[in-house]
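Here is a short tour for a reader who has not seen this structure before. Start with the view below, then read on.

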Amino acid sequence: MSLTLIARCVRGIEWILADEVARTEGTSQVRLGEREVTFTAARLTPRLLELRTADDLFLDIGTVSGLDHTRAALGLLPARLARLDVAGAVSRLGELRPLGRKPRFDVVASLAGKRNYNRYAVEDTAGAALGRVLGPGYVSRTPSATPAAAGGGQPRGPQPELTVRLFLRGEQLQAALRVAGRPLHRRAWKEHTGAGTLHPPMAAALARIARLPEGGTLLDPFCGDGTVAIELALLDPAARVVAADLDRDRLANTRANAASAGARLLLLRADAARSAVLPGTVDQIVTNPPWNRAVGAAGAVADGLDPLWRELPRLFGPRGRMCLIAEAELDTPGQLRRRGYTVDPVQNVRLAGRVSQILVAAPPGVEPLPLDAELLGWRQRAIKQGVLSHEGF
């Protein structure tokens, strides 16, 4: 019997996650949805825990209906959950990673639409009901039960071995188990960080867009804590990845994080607009520039990125590509086009509550490197299915 899995992601990169899932051995029936990609697999394997553009991964338990917006729905929830094979799902998860006979577990609920009850009421009602199957190890995330965590959040004491995830949309509730011991977006290697550090799955999405079959030289001129550069190096160990920054402390973070990740990087302390990289040697620039929000720009770009846009054509050979993320309200695509850059595609994403843009561009006089055809195919499917629009969502 095949298993159904749900990979959750940042809004706007569903197509990139779908491409990654489809390339993962043992997956099939890949389907796009808003903020998620569902697929099937014959069994749970460690390879599934290596999905880098996913925020999290869940094993589907099943769906029940008849839970409306009224408080009466809470009284129906235990009987509805009893219809699902929770024990069977836990047993299958135990084949991938060790679980105690009566594991500590928590419940995380997402509620769509207005309701006469909140997520904590759903979580505690479900936790009590699931305790009849899983044992007495339920750990509540309700604020009153977790005074050390503002607004609920992570419970005190040892962390739960198991997380039950509930997605309530309309009158339907979908139940699932987190496959890993913690969310996939939490990279073990990312221990040294500063302000404005990039969400790792977003960095991984940039890396997958930038992927070249023949490797090449990739530059992040604003490497910060190394998130983008490390994701580039892990995706393609044969690539020459150059991580540069003017801030000594952030370069030290990159060095430490790269060592923890086992990623091979060439580190440079350099002003992005006065690059120490030899002219004509860069195949791609992949970066998250400072936008003077969480992180202020310094050096030649302290007053804006114009010096960088003037510098970039010198770095590329006859062909090249730049992939970056920018806040949507800055209209970076328009700025670049007015300077003669070729910009395509542009994709809105929602990151940390703000709308940003992933954009791919090439300077004037540089022939844009083509994007991977399979990856673009998933983007077209997402647009056709209404998950995305050509620039938004």
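A residue counts as buried under 20% relative accessible area, as exposed over 50%, and as partly exposed in between. R35 has 33% relative accessibility, so this residue counts as partly exposed. Keep those cut-offs in mind. The model is a predicted one.

**Overall build**

The protein contains ten helices and 15 strands. Its C-alpha trace spans about 65 × 45 × 40 Å along the principal axes. The radius of gyration is 23 Å. A compact globule of 393 residues would come near 21 Å, so the value agrees with that expectation.

Of the contacts with a separation of 6 or more, 72% join residues 24 or more positions apart. Of the 393 residues, 55% count as buried.

The accessible surface comes to about 16900 Å². Carbon and sulfur atoms hold 49% of that surface. As for charge, there are 51 positive and 40 negative side chains. The centres of these two sets lie 4 Å apart.

Helix α2 covers residues 72-81. Its buried residues are A73, L74, L77, R80 and L81. Seen down the axis of α2, they fall within an arc of 110°, so they line one face of the helix. The general rule is that an α-helix has 3.6 residues a turn, so residues three or four places apart point the same way. The face of α2 turned away from the buried side carries the exposed residues A72 and G75.

What do the buried residues of α2 pack against? Their partners are the strands β4 (56-64), β6 (162-169) and β7 (172-178), along with the helices α3 (86-94) and α4 (119-134).

Helix α3 has its own buried residues: V86, G88, A89, V90 and L93. These pack against β4, β6 and β7, and against the helices α2 and α4.

**A buried glutamate**

E123 sits in helix α4. Is E123 buried or exposed? Its relative accessible area is 0%, so E123 is buried. Setting aside neighbours within four places in sequence, E123 is in contact with V107, V108, A109, Y138 and R141.

Q29 is found in strand β2, residues 27-33. R35 lies in the loop between β2 and β3 (36-41). Q29 has a relative accessible area of 54%, so it is exposed.

P345 belongs to strand β13, residues 342-351.

**Putting the pieces together**

Which helices do the buried residues of α3 pack against? They pack against α2 and α4. The buried residues of α2 in turn pack against α3 and α4. Helix α4 is also where E123 is found, and E123 is buried.

Key: Residues are numbered from 1 along each chain as its sequence is written. This is a predicted model: local features need pLDDT of at least 70, side-chain atom pairs count only at pLDDT 80 or more; totals for chains, interfaces and linings use all residues. Side-chain values use heavy atoms; hydrogens and water are left out. Helices (H or I, at least four residues) and strands (E, at least two) are DSSP runs, numbered from the N terminus. The radius of gyration is taken over C-alpha atoms; the globule rule is 2.2 Å times the number of residues to the power 0.38. Buried means under 20% relative accessible area, exposed over 50%, partly exposed in between (1.4 Å probe, protein chains only). Contact means heavy atoms within 4.5 Å. Accessible areas come from the Shrake-Rupley method with a 1.4 Å probe; for residues, only the protein chains shown count as cover. Lys and Arg count as positive and Asp and Glu as negative; His and the chain ends are not counted. The place of a charge is taken as NZ of Lys, CZ of Arg, CG of Asp or CD of Glu. The arc is that of the directions from the helix axis to the C-beta atoms.
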